[in-house]
Amino acid sequence: MQALSPILELQKQWALLVAERDAERNEFQRQTETVGLGRKVKRGDCWWPIAVGRSYYNSLNQLVVEVSRNEDTDIEHNFEYGRQVMFFRVDAGDNISYFKFAGTVSYAQEDRMVIVVPDGNAVAELQGHERVGVQLSFDEHTYQLMLQAIDRVTKAKGNRLAQLRDQFYNHSKTEKFTFNPIRFPWLNPTQEHAVNEVLLAKDVAIVHGPPGTGKTTTLVEAIYETLRRENQVLVCAQSNMAVDWISERLVDRGVEVLRIGNPTKVNDKMLEFTYERRFEAHPDYPQLWAIRKAIRELRSAKRRGSDSYHQKLDRLKSRETELELRINNELFNSARVISCTLAGSDSRYLTEADLRGLSWEECSLARNEIYARHGRRFTKDEIQQYFDSQAWYSGTVDPADFQTGSLSRIENANIKLIKDYETRLYGGTYF
């Protein structure tokens, strides 16, 4: 068999993905302009009309607004955690116009959603109109993540990632550990063999089978057995439903699971091990909440230009960051299994150890890359030219139109960490 060139194959994948993204974006734009409101509702991509409820800051310090539907409640919807949405209003002549801000689903039930919004102005706009609706938006962010992942794999040299890439494309033999097979009497022979193949694999193991053959049972057993040898396992699946199913089975076996994102099945058992619920239950959370409240009150007060204002704000923000990092370190370090969808696996909290050795310019580029992943363009030519040279980048959002509400809590924390690091070491930001 002729060896493939991993780089050329990945470049083909990149080009195909770009073509798919552009086609999906064009189709979404076409449907937004031509497909009727009633049809969007019937497909489960839209709620109309909605009742706009209370707004508040959630445990991750995101401003959220509650919305609910009282019509077409028998239609199963497609809204779920992490999906991008946009709001619209309908005038007396039944003409639709879209609000300029976007939102992100934080929590979704059958007839109620909690949506992250950029700021108080967005809440005021929603609450100031009676005939309001919400619909799914084009998911640019997931495509950005996939393109960035391909780019990272393509550029890998002399490391573990490069080795795995070459194994996948060149059909080189994978390595295995050497030990006697383990017996699992409660599994059938095929499942038992698959679990042992996973445990023996040093590089990669692929378990394949048609529906109903017990792949999930096999995977749960392999994860549980791996935890006897490893301190922590990352579990990813393509859909939230699959992540929920695996997570619940592991919890039933007494495994400490930290679920990133919200489950599709909403019950106390599932919610108990979500990141947000664990964050709220941490002993330091009441103190963190009080500091966040003090920061919001201070920012809304007068005398913003005074030295005492800035000194007090800096002290509060420093303490806020310290508590956030402490809570997150304890949550992630104590979990035996971290479970999420594939799109959710890209996010992690940075530490100063990640920044050490970076120049001032490199720190600023790392900070702005977080915005670039969401398609933001930049006013400074140096930054724009740099990201234009990156294969994964597609700048579609003007700086004036960019909504900070599209950033996740982890991304906001990483931006703040890098910015504080730049200020402390270099006296300010490079860009």
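Buried means under 20% relative accessible area, exposed over 50%, and partly exposed in between (1.4 Å probe, protein chains only). Helices (H or I, at least four residues) and strands (E, at least two) are DSSP runs, numbered from the N terminus. You're looking at a predicted model, where local features need pLDDT of at least 70, side-chain atom pairs count only at pLDDT 80 or more, and totals for chains, interfaces and linings use all residues. Residues are numbered from 1 along each chain as its sequence is written, and side-chain values use heavy atoms, leaving out hydrogens and water.

**Exercise 1.** Find which residues of helix H3 (residues 120-127) are buried.

*Solution.* Step one: pick out Ala122, Val123 and Leu126, which are buried. Step two: look down the axis; these residues sit on the same side of H3 because they cover an arc of only 100 degrees (taken from the directions from the helix axis to the C-beta atoms). Step three: check the cover, which includes strands S2 (50-57), S3 (63-69) and S4 (84-90) (contact is heavy atoms within 4.5 Å).

**Exercise 2.** Work out what parts of the chain the salt bridge between Glu221 and Arg253 ties together.

*Solution.* Step one: the closest N and O atoms of Glu221 and Arg253 are 2.8 Å apart (a salt bridge is a side-chain nitrogen of Lys or Arg within 4 Å of a carboxyl oxygen of Asp or Glu). Step two: Glu221 lies in helix H7 and Arg253 in the loop between helix H8 (240-252) and strand S9 (257-259), so the pair joins parts 32 residues apart in sequence. Step three: Glu221 is buried at 3% relative accessibility, while Arg253 is partly exposed at 32%.
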